[in-house]
Amino acid sequence: MPPNAQGAPWVRTRLRTAPWAAVAFGVLVLVTAFLAAVLPRAVEAYETEGLREAVAEASPESTVLELKAPPPGLERPEAARADAVRPEALAAVDAQAKALLPGPLRADPAESAYGVRTGKSLEALDASLPRPDGLPPRFTLLAQSGAAGHATVREGRLPTAGAVTGDTRSVEGAVTSETARTLRLRAGSTLSLAGFPDGPLTVRITGVLEPRHPQRSYWSAEPVLRTPALATTSGRPPQFYWEAGVLLAPGAAPALLGGQGEPEKYWRIAPATGRLTGADTSALVAAVASLEDGPGLVRMRGAAGPTAQLSTGLEQVIGAYAETREAITPVVAVAAFGIAAVAVVVLVMAGGLAAARRDAELALLRARGGSLRGIGGRLLAETAVAAVPAAACGLLLALLVVDEGPPLPAVLGAGAVALLACAALPVRAVVAHRRPRAHRERDDLAHARPGARRTVAELTALVLAVGSVAALRRRGTEGSGDVLVSAAPVLVGVVAALVLVRLYPLPLRWAAGPAGRLRGLVGFLSLARAGRSPAAVAVLPLLALLTALTMAAFGGSVLTGVADARDRAALLETGADARIDTTDGGPLPAELARAVRGVAGVRQVTAVRFTFAGERPSDETRSLTVVGVEPGAYADVARRMGLGGFPAGRLGAGGGVLDAVASPGVAERLGRAPRRIVTDDGPVTVRITAVRPRTPAVPAGEFLLVDAAGLKGPGGPTTLLAAGAGLDAHALRAAVRGTGSALSVTLRGEERAALSDSPLQTGAERIYVWAVVAGAGYAVLALVLGLLRSAPERAALLARLRTLGLTTRQGRRLLGLEALPQALLAAGGGMAVGWATVRLLAPGVDLDRLALADASGGEVPGGAVLRADVWSLAVPAGVTVLLAAAVAVAQAWWAGRRTPITHLRAGDMR
C-alpha cells in the first residue's frame with residue numbers, strides 16, 4: 001500500500017462484516033434504554049394519578065379551603081356593614097384570595113364559591129314542617145354565589161334580591177329537590193325563622209333546584225345545603241330534628257346581619273387537581289400549613305380582614321396519600337433495582353462475549369503494534385454507531401408511551417444505558433489485552449483458577465449481600481432511599497451465581513471419568529466440551545441467568561402474595577362468592593333460593609338465619625351471634641370456600657340439646673358441656689362439638705352455629721350465601737330483583753376489584769409485572785447470547801466429527817448435551833436461589849399497603865405475606881432448559897444443512 005493511501009474505515013468495515021450482530025446489539029440497547037427511561041416516568045405517572053385521585057375523591061368537606069371572617073362590627077354605620085357583605089365586595093376578596101394561594105395550590109373556579117351564611121342554624125316556626133320527635137327543624141341560610149351555574153330549576157325560579165338592608169325581614173330563597181321532598185316544601189312555600197329581634201325572618205321559597213353535580217364542592221362543602229340530615233340533641237334519650245339549608249340570593253346577605261344566627265363571610269376555594277404532580281406532595285403540605293397558621297394566613301388576612309381564619313382538611317388527605325406512597329415506594333424500589341441490575345449484567349455480558357469472540361483478532365492487532373488507545377477508540381466508535389441511536393430511539397419511545405413526569409430522569413436513564421453499552425466492549429478488550437501475547441493461554445472452566453482480585457471482589461459482594469439481608473429483615477422496607485436494602489434480592493442472586501460458578505467445574509470433572517468409559521462418544525464429548533468452555537464466557541451468562549431468574553421469582557412471589565391477600569380479604573368481607581341480605585331485617589322471599597340456584601355459575605346455595613342470645617339467663621344484653629343453618633348445604637359451602645369447613649354431623653340434635661360449632665372465644669366462655677342460653681326466640685340448650693376460627697355466615701367475629709330447625713320462633717332466614725366460580729353478576733342481580741326490592745347483593749369479585757383500584761397499587765403492580773417479564777426476557781437473552789457465542793466453534797466441531805463418521809442424530813445429541821449442564825445449573829440454581837431469597841427477605845417485606853386498599857392489615861389475618869410461588873420459580877427455569885435444548889437442536893439442524901467444507905475453510909478463526 002502506498003504511504004499516503006488509507007485503508008477502509010474501521011467502523012464501516014466492521015458493520016459490513018457483521019451487520020446482524022450490530023442490529024441485535026442495537027435492539028438490546030433500545031429495549032434496555034426504553035426500560036431505563038420509562039421506569040421513572042411510570043412511577044411519576046402513577047404517583048401523580050394517585051395524588052389527583054386522592055384529592056378529587058375525598059369529600060369536599062375535607063379538601064375545600066374555607067376562608068371565614070366575621071361581619072363588620074356594630075360600631076360601623078349600618079350602610080357600611082351592608083356594603084361589606086354585598087356580592088361586589090365579596091367577589092373582590094375572592095379574586096385576591098385565589099391570587100394569594102401559594103404554589104402548587106390552585107383554585108378550581110367552577111367549584112369555588114363565596115357568600116354569607118348563618119354560623120348557627122335558625123329554628124323554623126312553621127307547624128306544617130315535619131317534626132320527628134316534636135322538635136322543629138332548623139335551617140342554615142346561605143347567600144351564596146353562582147347558583148345559576150350549578151343547578152337546574154325544577155320548579156319556580158331562582159331567588160332574587162332587591163334593596164336589602166339589615167332591617168329587611170322578608171327575602172327569597174330556593175331549596176334542593178331533596179330538601180323540598182323531605183320537608184314538604186314547594187315553590188310558593190314560606191318559612192318563618194326565629195332569631196331576629198323584631199320578629200321572624202320570612203323566607204319565601206321561589207324555586208326548587210336540582211344540583212347538576214351534587215357530589216362536588218359547590219353543593220357538598222356544606223352537605224345540608226344539598227341534603228337535609230337528622231340531627232340529635234344532647235339529652236338522654238336523644239331527640240331527633242331536621243337540619244337543612246336554604247339558598248338565598250347573593251344580594252340578600254345584609255338581611256342576615258340583623259339576626260342571632262351568627263352570620264359570617266366565607267370564601268370556599270376548591271383545589272384544582274389537573275396540574276398536580278406526585279412531586280408536589282411535600283410542597284402541598286407546606287402550602288396548607290402556611291395558609292392555616294403561617295405567612296400564607298397573614299397574606300389572606302390582608303385581603304379578608306385581620307380576624308380571618310382559614311381551615312381545611314386537605315393536609316389529612318395528602319398525609320394519608322403520602323403515607324401510603326412511602327410504604328409502597330421501598331417495595332417498588334426492590335423491583336426497580338432488580339430490573340436495573342439484570343439489565344447491567346446483560347449489557348456487560350454482551351460486551352464481554354463480543355470481546356471473547358474477537359479475542360484472536362484483538363490479540364493480532366496488539367501483536368502488530370496496535371495501541372490500547374487506538375484499539376479502544378475504534379471499538380468505542382464501532383459500538384457507539386449502534387448504541388447511541390438505539391438509546392435515543394428507546395428514550396423517544398418512553399416519552400411517547402408515558403407522557404407524565406419531567407424528562408430529565410428519563411434522559412439520564414437512557415444516557416446511562418448508552419454509556420454502559422458503548423463502554424462494555426472497549427473496556428473489556430483493553431483490560432484483556434493490556435500486554436501483547438504470542439499465544440492464547442488455556443482458560444477453560446476445568447482448569448481456570450480464580451485470582452486474588454476476583455476472590456476479594458466476591459467476598460465484598462458476600463459481605464454486602466449479608467448486610468442487605470440483615471438490614472431488610474431488621475428494619476423492613478420502611479423508609480425510602482436505602483440502596484442497600486433495595487438491592488438485597490439482586491445481591492443474593494449475584495452471590496449465589498458466583499458460588500455456583502466456582503462449583504460448576506466439580507460435577508463436570510466427576511462426570512467426565514465415568515462418561516469416558518462408556519461405549520459411545522457423545523456423552524464424553526459433550527462433557528468435555530462443556531468443561532472446555534472459556535471461563536470468561538461461562539461466568540457472565542450464568543451470572544445474568546441467575547440474577548434474572550431470581551428477580552423473576554421474587555417479583556412473581558410478590559404479585560402472588562398481593563393477589564392471595566386480596567382474595568382472602570374479599571372472602572372475609574362476603575363469606576362466599578355472593579351474599580344476599582335483607583336491608584330491613586325481614587325474612588328472605590321464599591322463592592329467592594330457587595331463583596339464585598338457577599343463575600349461571602352458581603354451584604351451591606344455603607340460607608342462614610341470624611338471632612342473638614345472652615350467654616347467661618341474667619344477661620340484659622344479647623350480644624352473642626347465633627346462626628341457624630341447614631347443616632348439609634352450609635357445610636358444603638364452608639368447605640368449598642375454605643372458611644371453617646366441618647362435617648354436617650357436627651350440627652345434630654338430640655335429647656333437647658343442639659350441637660353447635662363455635663368460634664374460639666365463644667367455646668372458651670361456654671365450655672364443651674351442655675349450656676342453656678336465651679335467644680331472641682326463647683331459651684335453647686347447646687353443646688359445642690367443634691371449634692372453627694371463621695365461618696361463611698360470620699367471616700369476621702364470634703359466632704355460634706346451630707341447626708336452624710332447632711331454633712324456636714317464627715323467624716325465617718335473613719341471608720343467602722351462594723358459592724360458585726364465574727358467577728354471572730348481572731343475571732344474579734336480575735334474579736334477586738325479581739323476588740323482592742329490600743335485598744342487597746354483595747359479590748366477592750366486586751369486593752376483590754375494589755381492593756386494587758388505587759392508582760398507587762395498580763402502578764406498583766405494573767412495575768412488578770414489568771420486573772417479572774424483563775427478568776424472564778433477559779434470562780432468555782443471556783442464554784441465547786451465550787449459546788450463539790460458541791455457535792461457530794460448535795459448527796466446526798460438528799463438521800470435523802461428521803468427516804469422521806458422526807451421524808446427524810448423534811450430532812444433535814452432542815450439541816444438546818453440551819448445552820444442558822449450564823442450562824440445568826442455571827435452572828436449578830435459579831429455583832433454589834429464588835426460593836431462598838423469598839424465604840430470607842419475607843420477614844422484612846411489607847406488602848399490606850400494596851395489597852389492601854385501607855392498608856391496615858386487619859382485613860386479612862397476618863396481612864399480606866410474601867411466600868415463594870411455585871409457578872414463578874418453575875416456569876422461568878423450565879423455559880430456560882427447554883430453550884437451551886431448542887437452540888442446540890436448531891444449531892445442529894442448521895449446521896447439518898451445510899457441507900463440512902463450508903465450516904472447515906482454511907484461514908477461518910473458529
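Contact here means heavy atoms within 4.5 Å. Keep that cut-off in mind. Begin with Gly-245. Setting aside its neighbours within four places in sequence, Gly-245 is in contact with Thr-140, Val-175, Thr-179, Val-224 and Leu-225. Remember that you are looking at a predicted model.

**Stop 1: Gly-245**

Keep Gly-245 selected. Which strand holds Gly-245? It lies in strand E10. Is Gly-245 buried or exposed? A residue counts as buried under 20% relative accessible area. Gly-245 has 1% relative accessibility, so it counts as buried.

How far apart in space are Gly-245 and Val-463? Their C-alpha atoms are 68 Å apart, and 218 residues separate the two in sequence.

**Stop 2: the whole chain**

Zoom out and colour by secondary structure. The chain has 32 helices and 22 strands. For its 910 residues, the globule rule gives a radius of gyration of 29 Å. The chain has 38 Å, well over that value, so it is more spread out than a compact globule. Along the principal axes, the C-alpha atoms fill a box of roughly 120 × 90 × 45 Å.

Switch to a surface view. The chain exposes about 41000 Å². Carbon and sulfur atoms supply 59% of that area. Of the 910 residues, 50% count as buried.

**Stop 3: strand E6**

Select residues 170–176, which form strand E6. Two residues deserve a click here.

Click Ala-174, which sits in E6. With a relative accessible area of 1%, Ala-174 is buried. Show its surroundings. Leaving out neighbours within four places in sequence, Ala-174 is in contact with Pro-159, Gly-207, Leu-209, Val-246 and Leu-247. Draw a line to Gly-207. The two C-alpha atoms are separated by 4.9 Å, although the residues are 33 apart along the chain.

Next click Glu-172, also placed in E6. Is Glu-172 buried or exposed? It counts as buried, at 12% relative accessibility. Beyond its neighbours within four places in sequence, Glu-172 is in contact with Arg-157, Pro-159, Thr-160, Val-203, Arg-204, Thr-206, Leu-247, Leu-248 and Ala-249. Draw another line, this time to Leu-191. Glu-172 and Leu-191 are 19 residues apart in sequence and 10.0 Å apart in space, C-alpha to C-alpha.

**Stop 4**

Select Pro-104. It is found in the loop between helix H5 (87–99) and strand E2 (113–118). The peptide bond from Gly-103 to Pro-104 is cis, with omega near 5 degrees.

Move on to Arg-184. Its loop runs between helix H7 (177–183) and strand E7 (190–193). Arg-184 is not a glycine, yet it has a positive phi of about 55 degrees. Its relative accessible area is 55%, and it is exposed.

Then pick Glu-262, in the loop between strand E10 (240–248) and strand E11 (263–269). Glu-262 is not a glycine either, and its phi is positive, at about 50 degrees. With a relative accessible area of 52%, Glu-262 is exposed.

**Stop 5: two helix pairs**

Two packed helices are described by the angle between their axes and the distance between the axes.

Select helix H12 (residues 314–357) and helix H15 (residues 408–432). They pack at an angle of about 35 degrees, with axes 8 Å apart. Which hand does the crossing have? H12 passes H15 in a right-handed crossing. Show side chains at the contact. From H12, look for residues including Val-344, Leu-347 and Gly-351; from H15, find Leu-420, Ala-424 and Arg-428, among others. By class, the contact has eleven nonpolar, two polar and one charged residue.

Finish with helix H16 (residues 452–475) and helix H18 (residues 488–503). Their angle is about 145 degrees, and their axes are 9 Å apart. This crossing is left-handed. Arg-454, Glu-458 and Leu-462 are among the H16 residues in the contact, and Leu-491, Val-495 and Arg-502 among those of H18. The contact divides into twelve nonpolar, two polar and three charged residues.

Terms used: Residues are numbered from 1 along each chain as its sequence is written. This is a predicted model: local features need pLDDT of at least 70, side-chain atom pairs count only at pLDDT 80 or more; totals for chains, interfaces and linings use all residues. Side-chain values use heavy atoms; hydrogens and water are left out. Axes are lines fitted to C-alpha atoms, for helices over the stretch in contact, and angles run from 0 to 180 degrees between N-to-C directions. Helices (H or I, at least four residues) and strands (E, at least two) are DSSP runs, numbered from the N terminus. A crossing is left-handed if the near helix is turned anticlockwise from the far one by less than a right angle, and right-handed if clockwise. Ala, Val, Leu, Ile, Met, Phe, Trp, Tyr, Cys and Pro count as nonpolar, Asp, Glu, Lys and Arg as charged, and the others, Gly among them, as polar. The radius of gyration is taken over C-alpha atoms; the globule rule is 2.2 Å times the number of residues to the power 0.38. Buried means under 20% relative accessible area, exposed over 50%, partly exposed in between (1.4 Å probe, protein chains only). Accessible areas come from the Shrake-Rupley method with a 1.4 Å probe; for residues, only the protein chains shown count as cover.
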